[in-house]
Amino acid sequence: MKQKHLILASTLLLLAACAGNNSDTRLSSKQLALPKANLPITADKWTIWHCADGNTLRTRYSTANGSELILETSTMGSHHLLREPGSNPAIYSNAAIGFYSDGKFAAIGRPLSDEIYSGGCIVR
């Protein structure tokens, strides 16, 4: 839900900026690109995330290139997730669960939905 609001706000700001400027307002893809999420996750060891609701997530890559993620939760068990296209937030998902992170914060939820299972997760 928060991501939808962020996208809507960004779109409205972009439209307002374009409406007030009669000069060439085309933006390059570089100007529109979000910074790539730098996740504190490796294939060598588990990264432990502590969530606001008390849930604990453990993550690590199952492949060296980071295309697959193993997610273990204290409430929902273990899941193998595949990297989705995009750069920020990083999204890994399967049919049952999605992991979303900008590198500092993470959340898990139902894929293609605004339903969040645990959010406000940080690495300590």
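The structure is a predicted model, in which local features need pLDDT of at least 70, side-chain atom pairs count only at pLDDT 80 or more, and totals for chains, interfaces and linings use all residues. Residues are numbered from 1 along each chain as its sequence is written, and side-chain values use heavy atoms, with hydrogens and water left out.

The chain contains two helices and eight strands; helices (H or I, at least four residues) and strands (E, at least two) are DSSP runs, numbered from the N terminus. Read from the N terminus, the order of the elements is α-α-β-β-β-β-β-β-β-β. The eight strands make a closed barrel in the order β1-β2-β3-β4-β5-β6-β7-β8, with antiparallel pairing. Two strands are taken as paired if DSSP finds at least two bridges between them. On average, neighbouring strands of this sheet are turned by 30° against each other, direction ignored; the axes are lines fitted to C-alpha atoms, for helices over the stretch in contact, and angles run from 0 to 180 degrees between N-to-C directions. Of the 124 residues of the chain, 27% are buried, where buried means under 20% relative accessible area, exposed over 50%, and partly exposed in between (1.4 Å probe, protein chains only). Contact is defined as heavy atoms within 4.5 Å. Among contacts between residues at least 6 apart in sequence, 33% join residues at least 24 apart.

Strand β2 (residues 56-61) pairs with strand β3 (residues 68-73) in the antiparallel sense, over five bridges. Within this pairing, Arg-58 has Glu-72 of β3 as its bridge partner. Arg-58 also lies over the face of Trp-46, at 4.2 Å from the ring centre. Arg-60 lies over the face of Trp-46 as well, at 5.0 Å from the ring centre. A charge sits over a ring if NZ of Lys or CZ of Arg is within 6 Å of the ring centre and within 35 degrees of the ring normal.

Asn-55 is found in the loop between β1 (47-50) and β2. Asn-55 has a relative accessible area of 4% and is therefore buried. Its side chain makes a polar contact of 2.3 Å with the side chain of Ser-74. A polar contact is a pair of N or O atoms within 3.5 Å; within protein, one must be able to donate a hydrogen and the other to accept it, and residues adjacent in sequence count only if both atoms are side-chain atoms. With neighbours within four places in sequence left aside, the residues in contact with Asn-55 include Trp-49, Thr-73, Ile-108 and Ser-118.

Strands β4 (residues 77-83) and β5 run antiparallel and are joined by two bridges, with Arg-83 opposite Tyr-92 in β5. The two strands form a hairpin with six residues between them, and Gly-86 in the turn has a positive phi of about 120°. Both faces of β5 are covered: Ala-90 and Tyr-92 are buried on one side, and Ile-91 and Ser-93 on the other. A hairpin of four residues joins β5 to β6, and these strands pair in the antiparallel sense over four bridges. β6 and β7 likewise pair over four bridges in the antiparallel sense. In their hairpin, which has four residues between the strands, Gly-103 takes a positive phi near 105°. Strand β7 (residues 106-109) is also covered on both faces, with Ala-106 and Ile-108 buried on one side and Ala-107 and Gly-109 on the other. β7 pairs with strand β8 (residues 116-123) in the antiparallel sense over three bridges, and Ile-108 stands opposite Ser-118 in β8.

Rings of Phe, Tyr and Trp (its six-membered ring) pair if their centres lie within 6.5 Å; planes under 30 degrees apart count as stacked, over 60 as edge-to-face and the rest as tilted. By this rule there are two aromatic pairs. Trp-49 and Phe-99 form an edge-to-face pair, at 5.8 Å centre to centre and 70° between the planes. Trp-49 lies in strand β1 and Phe-99 in strand β6 (residues 98-101), so this pair ties together parts that are 50 residues apart in sequence. Both Trp-49 and Phe-99 are buried. Tyr-61 and Tyr-92 form a tilted pair, at 6.2 Å centre to centre and 45° between the planes. Because Tyr-61 lies in strand β2 and Tyr-92 in strand β5 (residues 90-93), the pair ties together parts that are 31 residues apart in sequence. Tyr-61 and Tyr-92 are buried too.
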